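Take a look at the model before reading on.

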Amino acid sequence: MFFSRDFLKLQVVCLKMLFRKSTRKRFVFLVFTFLFMLGFNTCSYLMKFHKTETLKREVLAEKAFKVFFTRMRSTNDFERFLFNHRRPLQDLGANIVQKAFIYQNNLYIHFLSPFGLETGQSIDEIEAMQLLYHMFNLSRAVAEFYVADHVDGYRSRVKNQYVDYNGNRLDEDTVRNRHDTLKADLGDIADMIRSLSRDKRKDVIHSVRNTMVENLKRIAGSKDDDPNLYLSRVEIIVPMNFLHIWSHIQQDNTTDIMDLLYSVSSNPEGSIETDSAFLKVPEIYAGEALYKDMDIYPRYAPIYVPDLLKPHWNWLLFQNIRLKKDFMDYLNQLHFNGHYLFSYEKSQILQDKVKNLNDDIQTNHIHFYLTDVSMGIAFPFMISLFAFIHLKTEIAFLLMYKNRVREILFIFWLLPLSLMFLVKSGILTGYFFYLHSSGGGLALLLPLLASFVAVAAGFYPINKWCFNQFFGDTLNLYALHKGR
Amino acid sequence: MQSCFRVKFPLILKWDDAFTITFTSSQAPLLEFKSGFYFLCGDNGSGKTTFLNMLALTAGNIGKKAAADNGGIAYNTEAYNRPGFNHIQAARIREQQFCIFPQKAFFLPVSTRDNYTILNGSDPDKEAGFSDREYPDLLSGGQQQKILMDIILDEKKPVWFLDEPLSNLDAERRHYFWEILEKAYQQKLQIIFFIDHGMGNEIKSDPQFCYIETLCAVTENRQKNRQPEIGRRCIEIYANDSPDDFFKRKIRETENATAAGLNEKDLSRESKT
């Protein structure tokens, strides 16, 4: 029936009738107003959408919103925390990262070997470590930490240096001060490890610790990378592998004392050569939070929650961000029970940001749906009324001879919809061409499609009602007896 | 298939609950129109066209809005007031069965060829005969009626409603009209409803036509805050079961009139010279 030659001919005749000289100006003005208002409204929606979408992407991509550092007061406290909270946190989709912690504003983190020395790690753990590396701009430092693998068959060479995370803009005195403090901290930690040993290994650890700490070098963070806004309090990042070396010496019962003394050598250019195995996580900490038994407290242990923020569709009408509120409540509860967050503000900022953004997205979409649907029905209704008023005799005359009831309805339903489609697809193409960066196309297409479908469905009965005189139970085809 | 209209009186047509026309019959409450030529005779405003409109499904209530207990119209097996009958079925019947010649010539505001394509379009050869540059609005009333006749009258349809089709036509075109009417009647045309103010006396005195019924049309105009206006008019219906002779006679008459007209033209031309 539709799109046959007869239908197309009828369509052309209908358009000719609408654009005939006597009604042309009025009809063109009506159509122009419709297109202008529709285009203006769609543009306004798209601009706001672009803004909120950009913010949404930023929030979703922010790595700091996937890791929270909570305070542990002591070994026992940490043990209790693990015992009481590990399972509930797992139920909430969060895991405690075991290979990193913040102590005295310095992040101690295990540097994974690029040579595949580590084994038996869970995917979550690796993901969490990678996230931390990215968050603290460590990817390059980690890649360069291992200078050489398997020197002489079983030894590796690593850099004897730490990363000054937020010290780029500080004066030299402060930097030097922080350097000295770190050295003292490392010395203390080494001494703690040393104190566990009861034989001559103590001297070996002491000697190695002195060599390493004295030769410890600072590398400034890249000037291109600013510290993460939410974790800018972190001052220095220390490879935890240094602690592994001392710990391995303390535990190694298989090697002669003399050999242990030579097992770690420090090169003047700022690198350490040691047994490859000494750079791995010590066996006693396998599957455990590293160095939780040492008195490196108070420390902040990281909790990794990858799915805290997720894009969320509301009845396929608009996409906003879903925040795991249960987790945030749990985190708040931890905070107020003494496991203070390293940055409590971050959790509040996060919730505020998500709330404001979701409000903006919702308001924009509801406004768009209301205006677009009402305008999309009102103007086509006016066009149908216009057609009925100016063409009622012609249509009645036509229907006296031809069964074109459905076609006429379809034409006057299709005409405004095709205008809408043209305007919207044009604006959409412009948007994708000039403004759209990447991804999120569906978040835009679905609302536009939903609004279009709602208009199409809502306008259908209204259009039918407009021509009720021909298509109702009371027929009134005037032409037979009234003429023009 | 034999076409037949069955009309059960009273027929009531309401416009906005204020204006009502009620048709009643003087004799039997059921009237049948079978094959033949039906002539409707009555004064202006007596409701002839309205009655044809109701028969031709171009005005009035259909389907659920047509009250079954007040009478109704049925064409063959299709009762207009049966439950489920709707505008689509009405349009289908009009397209397939009825040929409606209106009282006044009217066109779509496009070329005559487009008018033919949209309103009829059954014969491609005939379609090619119409001009795509000629716009009916620019033609005279008589020319319009001629064009409309060519567009609308369809020999394949069994029922023709002819509402004063000859009012503006010259003798030559009247001759043409009676010829195509006769031709159509020999093919598929079965029932003809005909209204003409000039032929009333001729039909009444014609022995081939018999009087079959007088319809009484009561009009009620009840506007708010006004006295109701009630009027009563009559429509007489005459029928001719086998109108072939009538058609032939009309063809002869119009042929003679055409010839006389031509002679008059010749004579006037000669006298001028």
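B:Lys8 stands opposite B:Leu30, a residue of strand 4 of chain B. Strands here are DSSP runs of E with at least two residues, helices are runs of H or I with at least four, and both are numbered from the N terminus. Two strands pair if DSSP finds at least two bridges between them. The model is predicted: local features need pLDDT of at least 70, side-chain atom pairs count only at pLDDT 80 or more, and totals for chains, interfaces and linings use all residues. Residues are numbered from 1 along each chain as its sequence is written, while chains are lettered from A and ligands numbered from 1 in the order in which they are written.

**The sheet of chain B**

Strand 1 (residues 5–8) of chain B pairs with strand 4 of chain B over 4 bridges, in the antiparallel sense. Both belong to an open sheet of 4 strands in chain B, ordered 4-1-7-8 with antiparallel pairing. Strand 4 (30–33) and strand 8 (78–79) of chain B are at the edges with a single partner strand each, so one side of each has no neighbour in the sheet. Strands of a sheet pair through backbone hydrogen bonds, either parallel or antiparallel.

**Where the chains meet**

How many residues does each chain bring to the contact? Chain B gives 33 residues and chain A gives 29 residues. Two residues are in contact if their C-beta atoms, placed from the backbone, lie within 7 Å. On the side of chain B that touches chain A, helix 1 (48–55), strand 6 (59–61), helix 2 (87–97) and helix 3 (112–119) of chain B each supply at least two residues. Helix 2 of chain B gives the most to this side, with 7 residues. By class, the side of chain B that touches chain A holds 15 nonpolar, 10 polar and 8 charged residues. Nonpolar covers Ala, Val, Leu, Ile, Met, Phe, Trp, Tyr, Cys and Pro; charged covers Asp, Glu, Lys and Arg; polar covers the others, Gly among them.

Strands pair across the two chains as well.

| Strand | Partner strand | Bridges and sense |
|---|---|---|
| Strand 15 (residues 474–476) of chain A | Strand 6 of chain B | 3 bridges, antiparallel |
| Strand 1 of chain A | Strand 12 of chain A | 6 bridges, antiparallel |
| Strand 1 (residues 5–8) of chain B | Strand 4 of chain B | 4 bridges, antiparallel |

In strand 6 of chain B, B:Asn61 stands opposite A:Thr474.

**Chain A as a whole**

Chain A has 15 helices and 15 strands. Its radius of gyration is 35 Å, well over the 23 Å that the globule rule gives for 484 residues, so chain A is more spread out than a compact globule. That radius is taken over C-alpha atoms, and the rule is 2.2 Å times the number of residues to the power 0.38. Along its principal axes, the C-alpha trace of chain A spans about 120 × 45 × 40 Å. Of its 484 residues, 35% count as buried. A residue is buried if 20 or more other C-beta atoms, placed from the backbone, lie within 10 Å of its own, exposed if 12 or fewer, and partly exposed in between.

Helix 4 (residues 123–135) of chain A has 13 residues. Which of its residues are buried? They are A:Glu125, A:Ala128, A:Met129, A:Leu132, A:Tyr133 and A:Met135. Seen down the axis of helix 4 of chain A, these buried residues fall within an arc of 165°, so they line one face of the helix. The arc is that of the directions from the helix axis to the C-beta atoms. On the other side of helix 4 of chain A, A:Ile123, A:Ile126 and A:His134 are exposed. The buried residues of this helix pack against several elements of chain A, including strand 1 (67–72) and strand 12 (299–304). Just after helix 4 of chain A, A:Asn137 takes a positive phi of about 55°.

In strand 1 of chain A, 5 of the 6 residues are buried, so this strand is largely enclosed by the rest of the structure. A:Arg71 has A:Tyr300, in strand 12 of chain A, as its bridge partner.

**Two buried residues**

A:Leu92 is in the loop between helix 3 (75–91) and strand 2 of chain A. A:Leu92 counts as buried, with 20 C-beta neighbours inside 10 Å. Leaving out residues up to four places away in sequence, A:Leu92 touches A:Lys324, A:Asp326, A:Phe327 and A:Tyr330.

A:Arg201 lies in helix 7 (residues 201–214) of chain A. A:Arg201 also counts as buried, with 20 C-beta neighbours inside 10 Å.

Key
Expected span 1.5 Å × (residues − 1).
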